[in-house]
Amino acid sequence: MKCIRLHAWRGSHYIGAAELLTTLGRITAELSWELQIDEVAPGPAGARIEALVRQSRVCTSELILAAFLDGQIIDGELRGYVDDADEPYIVLRAVDSTDWDIECVDPAVYFAVKTALVNSVDTSSFVGQDRYKAGPTEIAPYA
């Protein structure tokens, strides 16, 4: 899988799962998602996101609605699947509420993600290593 790291903060604005999924648009629109959430920020959106964890898979629109406005995933993984596939097509990983790691198997999707999130950084060579040591320590927010 190719991996891209995106800084989750743009000044005081947090780029949450809903904004990320909306930005990726048609790449994620038809996927179903498995959620493995270790921690979310408290609040109504956090409770909605935690409620989705109990479901086996949820659709993209359901995930966007749950995370809309103030949904902040501090640590967790969102795995997007095409139909009933066994392996994820794309993985969005919240890293300590500071970064998003985006992994995808399709090179065309990888390049679309790099285009949509222009200041993201390719960290493919770090996949499988300690993610807190991977890549540059400072990543500029995307435009």
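How many disulfides does the count come to? With a disulfide taken as a pair of cysteine sulfur atoms within 2.5 Å, the count is zero. This is a predicted model, in which local features need pLDDT of at least 70 and side-chain atom pairs count only at pLDDT 80 or more, while totals for chains, interfaces and linings use all residues. Residues are numbered from 1 along each chain as its sequence is written, and side-chain values use heavy atoms, with hydrogens and water left out.

The sulfur of C3 lies 8.5 Å from the closest cysteine sulfur, that of C104, which is too far for a bond. C3 has 3% relative accessibility and so counts as buried (buried means under 20% relative accessible area, exposed over 50%, and partly exposed in between, with a 1.4 Å probe and protein chains only), whereas C59, at 37%, is partly exposed.

Leaving aside neighbours within four places in sequence, L78 is in contact (heavy atoms within 4.5 Å) with residues including A17, W33, I73 and W100.

Rings also meet a charge here: the charged end of R57 sits over the ring of Y81, 3.7 Å from the ring centre, where the rule asks for NZ of Lys or CZ of Arg within 6 Å of the ring centre and within 35 degrees of the ring normal.
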